[in-house]
Each structure stands twice: as structure tokens, then as C-alpha cells.
Amino acid sequence: ENIKVPIHLKVALTIKEAAEYSNIGINKIDSMLRTPNCPFVLFVGTKKLVKRKEFEQYISERLII
């Protein structure tokens, strides 16, 4: 059984999902994830995921990224 979880319910997003979700480019999100102490990066082994709630919070607090 392959159940699709809607993006807005996921705890962590891939960079591609985060780009679709936020309308921010993949390269921009990737560079944001590389910044020291990024509040929304989650490492699963070598894979980088985006913590959705923290990502939303980060975006909502900023005028420019």
C-alpha cells in the first residue's frame, strides 16, 4: 500500500518538495540549507531534508531571503 502524505502534513520535505511548496528555487533552498546553523535543515545520513514547520516559520519572519 503506497499512501501519499500531502506535503502540508509532512514533517520533513525533500528540497524539491520544499521548492514546490514555497515557490523558492531548488538552488536557493540548497544554499539556505548549507548556511551554518540553518534552523530548518535535517540530516538523514548524508541526505538533507527541510523541516517544514521551521521552514515556514523562517520564511514568515523574513521580508527578503
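**Figure 1. Glu56 and Arg52 are placed about one helical turn from each other.** Because Glu56 and Arg52 are four residues apart in helix α3 (residues 52–60), about one helical turn separates them. Helices (H or I, at least four residues) and strands (E, at least two) are DSSP runs, numbered from the N terminus. The model is predicted, so local features need pLDDT of at least 70 and side-chain atom pairs count only at pLDDT 80 or more, while totals for chains, interfaces and linings use all residues. Residues are numbered from 1 along each chain as its sequence is written, and side-chain values use heavy atoms, with hydrogens and water left out. Glu56 forms a salt bridge with Arg52, and their closest N and O atoms are 3.1 Å apart. The term salt bridge denotes a side-chain nitrogen of Lys or Arg within 4 Å of a carboxyl oxygen of Asp or Glu. Arg52 is buried, with a relative accessible area of 8%, whereas Glu56 is partly exposed, at 29%. Buried means under 20% relative accessible area, exposed over 50%, and partly exposed in between (1.4 Å probe, protein chains only). An α-helix has 3.6 residues a turn, so residues three or four places apart point the same way.

**Figure 2. Arg62 and Glu61 meet in a salt bridge.** The N to O distance between the side chains of Arg62 and Glu61 is 3.8 Å. Glu61 is exposed, with a relative accessible area of 54%, and Arg62 is partly exposed, with 37%. A search of the whole structure finds five salt bridges. Side chains of opposite charge can pair when their charged atoms come close.

Figure 3. The closest N and O atoms of Asp30 and Lys48 are 3.4 Å apart. Asp30 lies in helix α2 (residues 26–34) and Lys48 in strand β3 (residues 47–51), so this pair ties together parts that are 18 residues apart in sequence. Asp30 is buried, with a relative accessible area of 17%. The side chain of Asp30 also makes a polar contact with that of Arg34, at 2.6 Å. A polar contact is a pair of N or O atoms within 3.5 Å; within protein, one must be able to donate a hydrogen and the other to accept it, and residues adjacent in sequence count only if both atoms are side-chain atoms. When neighbours within four places in sequence are left aside, Asp30 is in contact (heavy atoms within 4.5 Å) with Ile15 and Lys48.

Figure 4. The buried residues of α2 are Ile29, Asp30, Met32 and Leu33. These residues cover an arc of only 160° around the axis, which puts them on the same side of α2. The arc is that of the directions from the helix axis to the C-beta atoms. What covers the buried residues includes α1 (15–22), β2, β3 and α3. Asn27 and Arg34 are exposed residues on the face of α2 turned away from its buried side.

**Figure 5. Three strands form an open sheet in the order β1-β3-β2.** The pairing in this sheet is antiparallel. Two strands pair if DSSP finds at least two bridges between them. Two bridges join β1 (residues 12–13) to β3, and Lys51 is the bridge partner of Ala12. Four bridges join β2 (residues 41–44) to β3; in β3, Lys48 stands opposite Phe43 and Lys47 is the partner of Val44. The hairpin of β2 and β3 has two residues between the strands, and Gly45 in the turn has a positive phi of about 65°.

Figure 6. Asn23 is in the loop between α1 and α2, and its phi is near 65°, a positive value in a residue other than glycine. Asn23 is exposed, with a relative accessible area of 73%. Asn37 is found in the loop between α2 and β2, with a positive phi near 60°. At 78% relative accessibility, Asn37 also counts as exposed.
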